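Have a look at the structure first, then read on.

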Amino acid sequence: MKPEEHSRKQIELAGWQVTVETYKLGDVYHCTVANVDPGARFARADGATKEEAESRAIEKATKYLAQTRRFPTV
Amino acid sequence: MTATIPNVLVTTDWVAQHATDTGVRVVEVDVDTTAYDQGHIPGAAGWNWTTQLCDTLVRDIVPVNKLEELLGNTGIDNKTSIVLYGDNNNWFAAWAFWQLKIYGHEDVRIMDGGRKKWLAEGRDLSTDAPAIQKKSYKAKTADTSLRAFLPEVQAAVAGKKAGLVDVRSPDEFTGKILAPPGLPETCQRGGHIPGAKSIPWGKNCNDDGTFKSFDELKAMYAAQGITGETPVIAYCRIGERSSLTWFVMKHLLGFEKVKNYDGSWTEWGNLVGAAVEKP
């Protein structure tokens with residue numbers, strides 16, 4: 001099978017830049033969310049449509065990102 | 001890629017043509033351990049770094065008997081050409097590569113660009129597990145010259161006899177965050193090991209996931225005083241990102257004395273009384 005409708009985009013979630021990558025394989029859309037720096041995938045979801053997969057993955061990602069604390073650097 | 005040791009990289013084209021050749025075993029190793037099941041290179045096996053590439057009881061790399069079992073079950077013997085690839089520009093593929101070199105496997109290569117490039121090129125994916133005939137594997141004695149432990153890092157800091165390369169993101173290096181956004185915090189303090197140079201791992205790669213050219217890499221490290229003339233120790237948070245930087249310095253730039261400190265920040269940043277530098 002070949003992946004179809006492959007897309008990558010950068011968006012801001014909870015104050016962090018993330019990459020949302022989606023593709024369709026067979027009848028299933030797979031979506032993953034990765035932080036831009038350093039680039040780790042930390043949330044993913046599947047769906048019957050691209051919108052469904054992305055919204056579910058983004059919902060999870062937003063929840064995880066909200067737990068990331070920022071500290072003073074001095 | 002103009003590498004000093006070019007036989008450690010293969011292209012996506014090469015993999016498309018040779019993935020199922022006799023004597024070749026392609027293995028996917030991802031940060032996201034579910035990625036393999038979302039579709040992988042046809043014929044590729046999948047390894048889970050959280051259970052198969054580490055000791056699951058104590059914090060350590062994979063024990064030799066477990067590695068031998070894993071390789072044998074993956075249809076790999078001592079003469080097999082192993083081709084590794086994964087997500088995030090081969091982040092955990094490099095982690096597997098480093099461990100395979102510690103245990104002396106001769107022919108290990110990384111697919112340049114990893115899963116990202118394969119997907120972007122619209123190449124075939126499969127969700128089927130490959131048919132694998134088990135083989136017997138005998139690992140060599142672990143080569144500890146590729147691995148740095150805490151006392152050696154402490155000595156390096158005290159004596160300034162080795163260059164330390166912190167490959168984490170700038171926000172982790174300065175202590176603004178304790179872990180990459182979205183991932184759980186696993187240390188008590190933020191900052192970096194005193195004297196370390198910040199060279200984020202992602203700078204080794206182009207936008208398409210492939211490694212930068214030899215000249216680009218050499219200039220990037222030289223700009224931070226890392227030339228390979230003195231020993232180098234790379235570290236990150238848990239040792240996987242730094243294994244990619246270790247791969248670059250050791251196998252693409254040809255530095256002789258390069259070690260990966262897999263204790264990394266989750267060890268140093270949790271030590272009572274350890275010196276920490278900020279920003």
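Two residues are in contact here when their C-beta atoms, placed from the backbone, lie within 7 Å. What we have is a predicted model, where local features need pLDDT of at least 70 and side-chain atom pairs count only at pLDDT 80 or more, while totals for chains, interfaces and linings use all residues. Residues are numbered from 1 along each chain as its sequence is written, and chains are lettered from A and ligands numbered from 1 in the order in which they are written.

Start with where the chains meet: 31 residues of chain B are in contact with 27 residues of chain A. On the chain B side, helix 3 (87–102) and helix 4 (114–120) are the elements giving two or more residues; helices (H or I, at least four residues) and strands (E, at least two) are DSSP runs, numbered from the N terminus. Helix 3 of chain B supplies the largest share, 3 residues.

Chain B itself splits into domain 1 (6–141) and domain 2 (145–268), with bounds from an automatic or database domain assignment. Their C-alpha centres lie 23 Å apart, and the contact takes 18 residues from domain 1 of chain B and 16 residues from domain 2 of chain B. Helix 3 of chain B turns up again, giving the most to the domain 1 side with 10 residues.

Now for a helix pair: the axes of helix 3 and helix 8 (residues 241–252) of chain B come within 7 Å and cross at roughly 70°. Axes are lines fitted to C-alpha atoms, for helices over the stretch in contact, and angles run from 0 to 180 degrees between N-to-C directions. That makes helix 3 of chain B roughly perpendicular to helix 8 of chain B, a label for angles of 65 to 115 degrees. Among the residues making the contact are B:Trp91, B:Trp95 and B:Trp98 of helix 3 and B:Trp246 and B:Phe247 of helix 8.

As for chain A, it has 1 helix and 4 strands, in the order β-β-β-β-α. Its C-alpha atoms fill a box of roughly 50 × 20 × 15 Å, taken along the principal axes.

Terms used
Parallel < 35°, antiparallel > 145°, perpendicular 65-115°, else oblique.
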